Amino acid sequence: ITPRLLRALYDSSGANTIALRDSAPSVTADLVLGSFFFACRACEYTKTKLPGKTKVIVLGGVIFRSATKKTIPHQHPNLLALASYVTIIFVDQKSGKKMDARTQQQTGLPFLCPVLRFVSLVQRIRRLIPTATDDTDISTIIINRSIMKITSTYVRTQLRLTCRTFGGKAVFGFDAHEIGNKSIRSGAAMSLFLTNTHTDRIMILGRWASNAFLAYIRPQVLEWTTNMSTSMIQIDSFFDASNAPNYNTTATDPPQTYTPSNGSHPVIMPRFDLNM
């Protein structure tokens, strides 16, 4: 799933209109866009046919913070204007890790923003379902006065419908039948990989316990990009890297150097941190 398809999904849902903002397509758009920024599994934000160990995110697991990192309650009248960060608590996961928290901040875009989408989800549930508690799933929706939950099957249907309606492979690069619920998670990994985000950071965000997420990175991405070929020729000699270009450094983050005791030229040392 790409940001281009996410835009089409949101635009076609009617979420920006009063008449359709509480409809199933609008709720689905909020769920999908919000979950994309956390590389969520389908079972973490929808109702699945066979519930497993992983728990669905609940209202109490969505925490908003201001620019100064102060927690803002869901009922705050200015929540939308004040919230700069959203933290999601993953109560239980396939890996066995419990109460795992991840935080994202505003993107500054009108709807492709994790903070805005989770504010929309939370406020809708609080407004329409007075009996909602902190244990209420974020997939909860009210239709014809009946409280229901958005299912993973419905999400898949909406994703494929959006793809077919707005041009399919000619527009998005894939056909409708090629995508599904797992495409949200793989799309998140792909988006980060293509911007040269370090694999450790991708693993942390997506809560992958190993580099298994690499299975989501399609081989043709490596084939048609210069993510590695350019890097492989930046250092001409492994024994004298003193003239290597100074990449990924700033005035406040200079490259680390090591000067051998024999007095030869210093060698630029790689940075072993998550910002590589």
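Predicted model: local features only at pLDDT ≥ 70, side-chain atom pairs only at ≥ 80, totals over all residues.
H5 itself takes in residues 152-165, 14 residues in total. From first C-alpha to last it reaches 20 Å, close to the 20 Å expected at 1.5 Å a residue.

Which residues of H5 are buried? They are Ser 152, Val 155, Gln 158, Leu 159, Thr 162 and Cys 163. Looking down the helix axis, these buried residues fall within an arc of 130 degrees, so they line one face of H5. Over on the other side of the helix, Arg 164 and Thr 165 are exposed. Just after H5 comes Gly 167, which takes a positive phi of about 120 degrees.

Leu 159 turns up again in the nonpolar core. The largest such core has 61 residues, and Leu 159 is among those with the most contacts inside it, along with Val 62, Phe 64 and Phe 118. Elements giving two or more residues to this core are H1, H2, strand S1 (62-65), strand S3 (85-92), helix H4 (114-128), H5, H7 and helix H8 (199-206). As a general point, nonpolar side chains in soluble globular proteins tend to be buried together.

Now for the hairpin. Strand S5 (residues 140-143) and strand S6 (residues 146-149) run antiparallel and are joined by four bridges. One of the pairings links Ile 142 to its bridge partner in S6, Ile 147. Two residues sit between the strands of this hairpin, and Asn 144, in the turn, has a positive phi of about 50 degrees.

Ile 143 also belongs to S5. Is this residue buried, partly exposed or exposed? With a relative accessible area of 32%, Ile 143 counts as partly exposed, because that label covers values between the 20% limit for buried and the 50% limit for exposed. Not counting residues up to four places away in sequence, Ile 143 touches Ala 24 and Met 148. Asp 22 is 121 residues from Ile 143 in sequence, yet the two are 8.9 Å apart in space, C-alpha to C-alpha.

Technical notes:
Residues numbered from 1 in each chain as written. Heavy atoms only, no water. Expected span 1.5 Å × (residues − 1). Buried < 20%, exposed > 50% of the residue type's maximum accessible area, 1.4 Å probe, protein only. Arc of directions from axis to C-beta. Pairing = 2+ DSSP bridges. Contact = heavy atoms within 4.5 Å. Core = buried A, V, L, I, M, F, W, Y, C linked by side-chain atoms within 4.5 Å.
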